[in-house]
Amino acid sequence: MTSFSYQLYSSREFPPLPDTLKMLKSLGYAQVEGYGGVYGDIPALKSALSEAGLVMASGHFGLDMLENEPDKAIEIARTVGMKAAYCPFLAPDQRPADAAGYARLGERLQKAGEPLVKAGLVFGWHNHDFEFRALPDGAIPQAEIFKGGPDLSWEADIAWIVRGGADPLAWIDSHGDRISAVHVKDIAPAGENADEDGWADVGTGTMDWKAIMDTVRGKTKAELFIMEHDKPSDHERFARRSIENASKF
């Protein structure tokens with residue numbers, strides 16, 4: 001049976017964190033994924049995780065910290081017991097304009113991750129939608145990132161691939177050897193859940209998660225399956241319904 005994790009970014013608007021962790025444990029989650037907003041007090045974070053009986057198996061780290069404070073990222077990861085770290089985003093004003101630029105970004109990411117890999121962590125990129133939209137030169141940013149960073153692992157956010165206009169099953173098939181983690185999220189039918197930016201609780205939207213999970217299990221060695229909703233109006237509802245539905249995939 002798959003052990004599901006939970007991206008704590010989903011609960012950023014529902015403090016306090018210790019209460020969120022206890023709620024997740026009660027719903028059957030075994031792991032969580034961290035992000036910048038929860039790293040302010042690492043000893044307190046470690047204590048809250050221990051008290052709730054959860055493991056922070058993975059975390060997101062900004063490129064600025066990875067490049068300028070790698071030792072800090074490694075210390076955070078080691079303190080809470082992470083096995084994997086992912087760079088999750090690149091602001092619009094920092095995004096390259098052509099294929100060569102994205103290949104250089106791949107090189108930059110791989111270099112930034114070297115200290116973490118040497119420290120024993122899996123390191124890779126976490127996608128959004130922009131990486132799958134063709135550039136003016138016809139190149140697909142995600143493919144160029146991988147060309148520049150041949151050793152990068154990949155935390156595949158499947159729903160963002162769909163929002164980027166690409167076929168996630170094709171990407172899993174062609175790049176499954178890179179995938180070490182998967183974000184499990186869902187997209188509401190067109191015009192619905194506008195107050196939640198069009199996202200849905202896992203298993204209630206348009207994503208065929210049964211087929212996706214079958215493909216992931218067959219084509220990748222992913223061990224981390226992380227629930228995420230970018231803007232839930234009720235994080236307990238999202239966490240509860242999602243793990244209930246995902247347990248059937």
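## Basis

Residues are numbered from 1 along each chain as its sequence is written. In this predicted model, local features need pLDDT of at least 70 and side-chain atom pairs count only at pLDDT 80 or more, while totals for chains, interfaces and linings use all residues; side-chain values use heavy atoms, without hydrogens and water.

## Nonpolar cores

A nonpolar core is a set of buried Ala, Val, Leu, Ile, Met, Phe, Trp, Tyr and Cys residues joined through side-chain atoms within 4.5 Å. Buried means under 20% relative accessible area (1.4 Å probe, protein chains only). The largest core has 75 residues, and Met56 and Trp209 touch the most other members. Helix 5 (residues 99-118) gives the most to this core, with six residues. Helices (H or I, at least four residues) and strands (E, at least two) are DSSP runs, numbered from the N terminus.

A second, separate core has six residues, among them Ala84, Tyr86, Ala181 and Leu224.

## Helix 6

Helix 6 (residues 141-148) is largely enclosed by the rest of the structure, because six of its eight residues are buried. These are Pro141, Gln142, Glu144, Ile145, Phe146 and Gly148. They pack (heavy atoms within 4.5 Å) against helix 5, strand 5 (122-126), strand 6 (153-157) and helix 8 (168-175).

## Asp186

Asp186 lies in strand 8 (residues 186-187). Asp186 is buried but has no salt bridge, which is a side-chain nitrogen of Lys or Arg within 4 Å of a carboxyl oxygen of Asp or Glu. The nearest side chain of opposite charge, Arg163, is 9.4 Å away. The side chain of Asp186 does reach the backbone nitrogen of Met207, at 3.0 Å.

How values were computed: Buried < 20%, exposed > 50% of the residue type's maximum accessible area, 1.4 Å probe, protein only. Lys, Arg positive; Asp, Glu negative; His and termini not counted. Polar contact = N/O pair within 3.5 Å; in protein donor to acceptor, adjacent residues only side chain to side chain.
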